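Work through the following exercises with the sequence and the model at hand, and compare each step with the solution given.

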Amino acid sequence: MAEMGSKGVTAGKIASNVQKKLTRAQEKVLQKLGKADETKDEQFEQCVQNFNKQLTEGTRLQKDLRTYLASVKAMHEASKKLNECLQEVYEPDWPGRDEANKIAENNDLLWMDYHQKLVDQALLTMDTYLGQFPDIKSRIAKRGRKLVDYDSARHHYESLQTAKKKDEAKIAKAEEELIKAQKVFEEMNVDLQEELPSLWNSRVGFYVNTFQSIAGLEENFHKEMSKLNQNLNDVLVSLEKQHGSNTFTVKAQPRKKSKLFSRLRRKKNSDNAPAKGNKSPSPPDGSPAATPEIRVNHEPEPAGGATPGAALPKSPSQSSLPAVVVETFPATVNGTVEGGSGAGRLDLPPGFMFKVQAQHDYTATDTDELQLKAGDVVLVIPFQNPEEQDEGWLMGVKESDWNQHKELEKCRGVFPENFTERVP
């Protein structure tokens with residue numbers, strides 16, 4: 001009998017819920033058709049809009065925070081692998097091996113600590129903050145249903161009162177249902193009217209605390225990581241000092257082996273100029289080829305002769321004149337004034353652009369290349385044909401050769417840019 005009674009209660013409750021749903025649906029249809037008025041509360045509707053906006057923003061913040069944490073974890077893994085690589089390549093007999101390993105361990109612990117604190121102080125707080133929204137959202141929806149019930153009960157009561165044939169018993173029962181529906185609705189409405197504005201205002205403090213926590217944790221993390229990086233740098237500097245003679249060889253970029261100087265040699269041979277016998281791009285000091293013959297006539301010439309003091313011999317290739325200025329005449333090439341920042345200056349070659357200093361020795365592999373020693377200063381000049389310039393290579397003349405010979409044809413050559421550094 002008890003079981004039957006329980007089933008009867010359950011069946012009755014289900015039937016009651018079904019009837020409520022039908023009544024609500026009917027009431028909503030009448031309201032939409034304008035045949036029944038709807039209770040409105042603009043202040044509450046504004047609170048609901050704010051609630052939905054707050055929920056959307058909070059959900060996005062939670063998603064972005066999880067993405068940030070995933071990135072931190074990925075950086076941790078990448079940093080860990082990089083340190084593992086350092087430990088593998090750090091040979092046992094190198095000084096500072098133990099210190100480097102200890103730094104790697106501390107680096108790993110620092111990443112782990114940073115990730116965990118972000119979870120505890122930011123993500124869990126974020127989850128707690130958003131955890132209150134589902135319940136409130138459910139209560140807002142329930143309030144909406146109770147408001148429809150209240151409107152429906154009100155309309156039913158009003159229709160019985162205005163009927164031609166009044167049934168006092170039905171009116172009394174309808175009034176009782178109206179009072180009950182109104183009470184349930186108002187209780188829920190009052191609670192939400194208090195909670196929603198308070199929840200909306202809480203967002204400011206929550207955002208402040210969240211981003212302050214993230215910023216503070218990140219600042220401390222980078223401070224500690226900076227110390228570890230400085231320690232690692234000190235270890236590697238010590239290693240470099242003790243193994244300075246074993247530094248790796250700097251290599252030049254490969255060249256296309258342009259035919260610049262091959263063409264120049266052919267041109268010289270065609271002019272019956274003696275071919276260069278020395279493989280080096282710059283002649284040795286004191287050799288006959290190292291010092292071009294320059295004659296300046298100080299005696300008056302016979303009538304019809306050249307102007308005293310202005311006659312300079314041309315080089316065999318007719319491509320340039322020695323950078324010697326007599327009186328006010330500028331340096332020229334093929335009868336035109338040479339451009340560039342070094343044009344017309346005694347101490348710089350025509351077309352001079354800037355200086356570089358060799359940081360490493362470079363052994364020339366072709367006759368058009370400069371042989372460099374660490375410390376050599378090179379005066380950089382442009383290529384006569386820009387298309388002949390290979391990537392990573394410059395044209396120039398060693399300053400020492402230029403100061404001694406003042407002749408580009410015998411001294412200039414190409415050299416790898418990465419073996420040098422620009423100097424004032």
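**Exercise 1.** Locate Gln54, decide whether Gln54 is buried or exposed, and list its contacts.

Solution. Gln54 belongs to helix α2, which spans residues 42-89; helices here are DSSP runs of H or I with at least four residues, numbered from the N terminus. The model is a predicted one, in which local features need pLDDT of at least 70, side-chain atom pairs count only at pLDDT 80 or more, and totals for chains, interfaces and linings use all residues. Residues are numbered from 1 along each chain as its sequence is written, and side-chain values use heavy atoms, with hydrogens and water left out. With a relative accessibility of 1%, Gln54 counts as buried (under 20% relative accessible area, with exposed over 50% and partly exposed in between, for a 1.4 Å probe and protein chains only). Leaving aside residues up to four places away in sequence, Gln54 touches Tyr129, Phe133, Leu199, Trp200, Ser202, Arg203 and Tyr207, where contact means heavy atoms within 4.5 Å.

**Exercise 2.** Determine how the rings of Tyr129 and Phe206 are arranged, and which parts their pair ties together.

Solution. The rings of Tyr129 and Phe206 are stacked, at 3.8 Å centre to centre and 10° between the planes. Rings of Phe, Tyr and Trp (its six-membered ring) pair if their centres lie within 6.5 Å, and planes under 30 degrees apart count as stacked, over 60 as edge-to-face and the rest as tilted. Because Tyr129 lies in helix α3 (residues 97-131) and Phe206 in helix α5 (residues 168-242), the pair ties together parts 77 residues apart in sequence. Tyr129 is buried at 5% relative accessible area, and Phe206 is buried at 9% relative accessibility.

How values were computed: Helix = DSSP H or I, 4+ residues; strand = E, 2+ residues; numbered from the N terminus.
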